[in-house]
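Me: I would like to learn how to read the features of a protein model one at a time. Please give the general idea and then the case at hand.

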Amino acid sequence: MTDSTILITAGPYQFLANLESAAPKTVKLFRSLLPYRQKLIHVRWSGEGMWIPLGETNFNIPFENHTAHPAPGQILLYPGGISETEFLFCYGGVAFASKMGALAANHFLTITEGSENLHALGNLTLWEGAQDVLFELADEDKIRQFKAGRSAKL
């Protein structure tokens, strides 16, 4: 088992992701939330992304490893301030912003396997609405099942 691998189940898709060592406070917070269940909805301003709005939640997390232009497969935490607190799940081109303008958020998680399904998940969320999402630690059994499921589809 690896303590830095996360299994993400979003809608009908699964992904493996690694926690980012360059955002230690955000990673520690996120690990404390696991397993984390929520709904992904399509972003309003930022492009090809989905988000989990958290309103006025205050995690008392500083900006670390932050970016306004994340890559597909990067997952960020915006700790609040100018806009509401949120998780941002990027599946394509994103220029992170709100109605107040450009924002930057902490990049703390990166998808390492399953990224071929990112656009399908994004399109599903855009056209069909909110999708269930579950983030959980990936033990050896979950990783093995994930890999077996992927090879069965080939």
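**Reading the model**

Reply: Among contacts in the protein between residues at least 6 apart in sequence, 73% join residues at least 24 apart; contact means heavy atoms within 4.5 Å. This is a predicted model, in which local features need pLDDT of at least 70 and side-chain atom pairs count only at pLDDT 80 or more, while totals for chains, interfaces and linings use all residues. Residues are numbered from 1 along each chain as its sequence is written, and side-chain values use heavy atoms, with hydrogens and water left out.

Me: How many helices and strands does the protein have?

Reply: Helices (H or I, at least four residues) and strands (E, at least two) are DSSP runs, numbered from the N terminus. The protein has 3 helices and 11 strands. Along the sequence their pattern is β-β-α-β-β-β-β-β-β-β-β-α-β-α. The radius of gyration is 15 Å, close to the 15 Å that the globule rule gives for 154 residues, so the protein is as compact as a globular protein of that length. That radius is taken over C-alpha atoms, and the rule is 2.2 Å times the number of residues to the power 0.38. The C-alpha trace spans about 45 × 35 × 20 Å along its principal axes.

Me: What percentage of the residues count as buried?

Reply: Buried means under 20% relative accessible area, exposed over 50%, and partly exposed in between (1.4 Å probe, protein chains only). Of the 154 residues, 44% count as buried.

Me: Which residues have the most contacts inside the largest nonpolar core?

Reply: In soluble globular proteins, nonpolar side chains tend to be buried together. A nonpolar core is a set of buried Ala, Val, Leu, Ile, Met, Phe, Trp, Tyr and Cys residues joined through side-chain atoms within 4.5 Å. Here the largest one has 29 residues, and Ile8, Phe30, Phe89, Phe108, Leu109 and Phe135 have the most contacts inside it. Apart from it lies another core of 10 residues, among them Leu76, Leu88, Val94 and Phe96. Leaving aside neighbours within four places in sequence, the contacts of Ile8 include Phe89, Leu109 and Phe135.

Me: Is glutamate 86 buried or exposed?

Reply: Glutamate 86 is buried, with a relative accessible area of 5%. It belongs to strand β7 (residues 86-94). Beyond its neighbours within four places in sequence, glutamate 86 is in contact with Trp51, Ile52, Pro53, Leu54, Leu76, Leu77, Tyr78 and Phe96.

Me: Which residues of helix α2 are buried?

Reply: In α2 (residues 118-128), Leu118, Leu121, Gly122 and Thr125 are buried. Seen down the axis, the buried residues of α2 fall within an arc of 100°, so they line one face of the helix; the arc is that of the directions from the helix axis to the C-beta atoms. On the other side of α2, Trp127 and Glu128 are exposed. Glycine 129 follows α2 and has a positive phi, near 100°.

Me: How many aromatic pairs does the structure hold?

Reply: A pair of aromatic rings is described by the distance of the centres and the angle of the planes. Rings of Phe, Tyr and Trp (its six-membered ring) pair if their centres lie within 6.5 Å; planes under 30 degrees apart count as stacked, over 60 as edge-to-face and the rest as tilted. The structure holds 10 aromatic pairs. Phenylalanine 30 and tyrosine 36 form an edge-to-face pair, 6.4 Å centre to centre with 65° between the planes. Phenylalanine 30 and phenylalanine 135 are also edge-to-face, at 5.4 Å and 85°. This second pair links distant parts of the chain, since phenylalanine 30 is in helix α1 (residues 24-33) and phenylalanine 135 in strand β11 (residues 131-137), 105 residues apart. Both phenylalanines are buried. Phe30, Tyr36, Phe87, Phe108 and Phe135 form one aromatic cluster.

Me: How many salt bridges does the structure hold?

Reply: A salt bridge is a side-chain nitrogen of Lys or Arg within 4 Å of a carboxyl oxygen of Asp or Glu. The structure holds 4 salt bridges. One of them joins lysine 39 and aspartate 132 (2.7 Å, N to O). Lysine 39 is partly exposed, at 40% relative accessible area. Another salt bridge joins aspartate 141 and arginine 144 (2.5 Å, N to O). Both lie in helix α3 (residues 140-153), 3 residues apart, about one turn of the helix.
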